[in-house]
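User: I would like to learn how to read a few features of a structural model. Please give the general idea, then the case at hand.

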Amino acid sequence: MSSLDQDQHLHPSCPDKTTVSSDPSDTHDLAEQPLQRLKLASHAVLEKAQQKGRLKCSKCGGSRMFFCYTCCSLVGVNQQEIPSIKLPVKIDIIKHPNETDGKSTAIHAKILAPSDVTIYTYPCIPEYERDNVVLVFPGPGSVTIQDMMQCLHHRADNRLHDSSDEPCPKRLRSEEALGATHIAEDLGSRTPDEAKGSESRVYPLQRVVFIDSTWNQTNRIITDERLQALLQVELKMRKTCFWRHQKGKPDTYLSTIEAIYYFLKDYHKHCLAQEYSGEYDNLLFFYSYLHSLITKAKISAGKC
């Protein structure tokens, strides 16, 4: 999040065990700095901007640090000085109308991947096609990222054959991954039109929707009929490193930027069948810097 307020936007994930190093010293280090293994661009530009203090946004005149969450523009930092990330799918973020912009990490994604991220304020929601868009949100009918692609393939097949919905057919995940790898390698040898057609069949996912809201306010958005037909995907085995939690909520409730990052990381590994080498780590560029500032402040105040 871009502010230090307590009431923050968190995205629910499923509770599970966290993998830790067998080396006690490594475990201690990770507990102190959970974001230290990320492949990030240098934070020197943010350190320099922080020394200048808050500046006025040239568009709205608001007092801001690093960026203006109202105008989605940088403040005291040039675009060339921060990382720019290309994402494998488009990201839509539906923000609750009663939430304060300054408390949301959604702006991080928009600034760092401007061509692939769009933020809407509810009740503004686009009309989505149900067989190439998913909603990241837990629920009784939600599926894992590993099962997501075969479910989308099944939905597309149903539409083509004008048949009713049925449970996702069971396929070997190794076959899904192998097929994706073979066609991904083959795309480079085809014409642009041929490659585009093949890619749409292998990677039916085109857009991912996230809800940016406190947990207690999500019901208004998740029950909207425009989202009801979308396949729901649930993130598992993830714990937040956010510095302030919503009261009474578990540590598996992720901030919006964390949810986007972990989804893309898992999508890269399980759906694109490629080894992850930090391609999307810079989505946490601002988040990790703010985390380090809060951690240092807590240590100085004797709260850690």
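Analyst: Start with a charge over a ring: NZ of Lys or CZ of Arg must be within 6 Å of the ring centre and within 35 degrees of the ring normal. In this predicted model, Arg64 lies over the face of Tyr69, at 4.1 Å from the ring centre.

User: How is a pair of aromatic rings described?

Analyst: Such a pair is given by the distance of the centres and the angle of the planes. The count here comes to 7 aromatic pairs. One of them joins Phe285 and Phe286, which are edge-to-face, with 5.3 Å from centre to centre and 70° between the planes. Phe285 and Phe286 are both buried. Ring pairs also bring Phe67 into a cluster with Phe285 and Phe286.

User: In what order do the 5 strands of the open sheet run?

Analyst: The order is β7-β6-β9-β8-β10, with parallel pairing. Because β7 (117-121) and β10 (231-233) each have a single partner strand, one side of each is left without a neighbour in the sheet. Neighbouring strands are turned by 30° against each other on average, direction ignored. Strand β6 (residues 90-95) is joined to β7 by 5 bridges; in β7, Thr118 is the bridge partner of Asp92.

User: Which strands does α4 lie across?

Analyst: Helix α4 lies across β8 (133-136) and β10, at about 170° to β10. Gln146 belongs to α4 (residues 145-160), and is partly exposed because its relative accessibility is 34%. From Gln146 to Val233 the C-alpha distance is 9.7 Å, although they are 87 residues apart in sequence.

Technical notes. Residues are numbered from 1 along each chain as its sequence is written. This is a predicted model: local features need pLDDT of at least 70, side-chain atom pairs count only at pLDDT 80 or more; totals for chains, interfaces and linings use all residues. Side-chain values use heavy atoms; hydrogens and water are left out. Helices (H or I, at least four residues) and strands (E, at least two) are DSSP runs, numbered from the N terminus. Buried means under 20% relative accessible area, exposed over 50%, partly exposed in between (1.4 Å probe, protein chains only). Rings of Phe, Tyr and Trp (its six-membered ring) pair if their centres lie within 6.5 Å; planes under 30 degrees apart count as stacked, over 60 as edge-to-face and the rest as tilted. Two strands pair if DSSP finds at least two bridges between them. Axes are lines fitted to C-alpha atoms, for helices over the stretch in contact, and angles run from 0 to 180 degrees between N-to-C directions. Contact means heavy atoms within 4.5 Å.
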